[in-house]
Amino acid sequence: MITELSIELSGVAVHYGRTFELKDLDLKVPAGAVYGFLGPNGSGKTTTIKTLVGLLRADRGTVRVLGYDIAREAPRALLRTGYVPERPHLYKELTVAESLRYHGAWYPTWDARWADQLRGAFGLDLDARVGRLSKGETGKLMILLAIAQRPELLVLDEPTDGLDPVVRRDVLSAVLDYVSETNATVFISSHLIHELERICDWVGVLESGALVAELPMHTFKEGIKRLRVSGAPAQLPTAPFVLLARGTGLGSAEEWVVRGWQPPMQVWFEGIGANLRDVVDLDLEESFVELLRTARAARRRGVA
Amino acid sequence: MFRAVMMTHWKWSRWGVYLLVAALFSTPVVLLGVLGTRDLTLIPVWEVLGPTSGAGAAYLVFSLFTGLWLAASAWNVDTAQDAVYALTRPVPRWYFVLMRLGSGVALSLVPILAVLAGALFAALVTTRPPEMRVFPVALTAKFAVATWLAYGFCFGGFTGFRPRTAARNVRPLVVILSGVLIDAATGSHVTTVIGNWLTGPWSPIGVFFGRWNLFDV
């Protein structure tokens, strides 16, 4: 089945315990994208991922993965999806060799030869028990199992969390090698922003169970700027960009954080009698923080 | 897939299965040791039947333990890990549960064969009086049915460690307990009638209450 979108969530609400973890979440992951799913702790990233792989059922809305409705056709989607959960889920009693055999038995696309090559590259001992592996080795084994099944979609929930930089690089390299070879879609959640900056071409930002931004990585990186402005009136007319934050800066200048900035927009400042002194690029982490700050302020205003 | 499921089940249950095999094979050997002779014509029949009934009770306990052990080992690893690995296998959930159920039934054949081997050994090495018969196959069949019943009950129960399914599984027990209490309070004898039926030959769990003698008259 050919699909334009590998993952599509429409109006998804998930009730977890007594509170709503996800509220009317809409999310679209294009086929072939490496989609970074950002959000602070407790924002609902893991709940979203558990809903994607059928571990949680949406109370409302539809979840489609690789064209399949996950509520009715989860096994078909899972057959083509490699999943690495936040916490190790493998059977600790099994050895690495047994884990490979067990996992491979579920997937007709399992590539035993490649799995063995990856195992060698990762330095995993076939006879080692999974329960005795270090955190880094367990992370490598989970990634190995997910990609050796040759999935069309990889769903990775903080796969490098707690790993040392060397292991982190090994794990991400293996994922990127696989993607470059197969053009598979990757949906990866992380709070390590700079890690995602390096590998992702799409980014979604989740805050309190709602998506506050979903855009190509280059737009995200280039579209959010800090402007230093002086002489602007308190009440602003409609601007050609989105004003995310407005605060006092150094001296008489104000600092504005804006989204959707383009250089020709500086004429707008002349029109309102203000002076644009400087345009500063924000790195991904600063952009992320500003987005969250704006979303939280908007929510507070909504509550008030 | 089924082989893979069975491999994991075997890995988790094998030490218990080894112990059960040893215990089940040695039960008739211990029985002969208690009787003190292989020539059962030398002692009165009632002196044979007493220890044989004791061994029968041991078989009953072992069948319950076999069912309990195989059911517990089918689920406890998944339960400990919130069943994330099990629930993300690319098969319908009923099919996964069926494979797990089937793997336990397949593994139960190992202790069942140990019962048959021990009972056949005892049948071959003993000399019996004309009125005494030996039932190695019947005993094994009884052990197998009891084991599968115990396994089925426990397997269903152990799927209920998650709050929602646990509540569903506890509901029939609450109904039964309420019935017993109402029966006791009103002085009717419904419980006695049901109890007699449950322990009778036509009950689905009647296998647990009959005679389990390897040697009988």
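1. Which side chains meet in a salt bridge, and what is the N to O distance? In this predicted model, the side chain of Lys11(B) pairs with that of Glu98(A) at 2.9 Å, N to O, and the count of salt bridges between chain A and chain B is 1.

2. Polar contacts between the two chains come to 6 residue pairs, where both residues of a pair have pLDDT 80 or more. On the side of chain A that touches chain B, the elements that give two or more residues are α2 (70-79) and α3 (96-104) of chain A. By class, that side of chain A has 16 nonpolar residues, together with 4 polar and 4 charged ones.

3. As to the extent of the interface, 24 residues of chain A are in contact with 25 residues of chain B. The area buried between chain A and chain B is about 2,200 Å², and 67% of it lies on carbon and sulfur atoms. Within the area that chain A buries against chain B, a share of 35% is supplied by Tyr91(A), Tyr102(A) and Trp106(A), which is more than any other three residues supply.

4. The second largest pocket also deserves a comment. Its space amounts to about 260 Å³, and its lining consists of 13 residues, of which Arg87(A) and Pro88(A) from chain A and Gln81(B), Asp82(B) and Val84(B) from chain B lie nearest the centre. Sorted by class, the lining of this second largest pocket has 6 charged, 4 nonpolar and 3 polar residues.

Key. Residues numbered from 1 in each chain as written. Chains lettered and ligands numbered in written order. Predicted model: local features only at pLDDT ≥ 70, side-chain atom pairs only at ≥ 80, totals over all residues. Heavy atoms only, no water. Contact = heavy atoms within 4.5 Å. Buried area = accessible area lost by both parts, 1.4 Å probe. Salt bridge = Lys/Arg side-chain N within 4 Å of Asp/Glu carboxyl O. Polar contact = N/O pair within 3.5 Å; in protein donor to acceptor, adjacent residues only side chain to side chain. Helix = DSSP H or I, 4+ residues; strand = E, 2+ residues; numbered from the N terminus. Nonpolar A, V, L, I, M, F, W, Y, C, P; charged D, E, K, R; others polar. 1 Å grid on protein atoms, 1.4 Å probe; cavity = no way out; pocket = protein on both sides within 12 Å on 5 of 7 lines; lining within 4 Å. Points joined across faces, edges and corners; volume = space filled by probe spheres on them.
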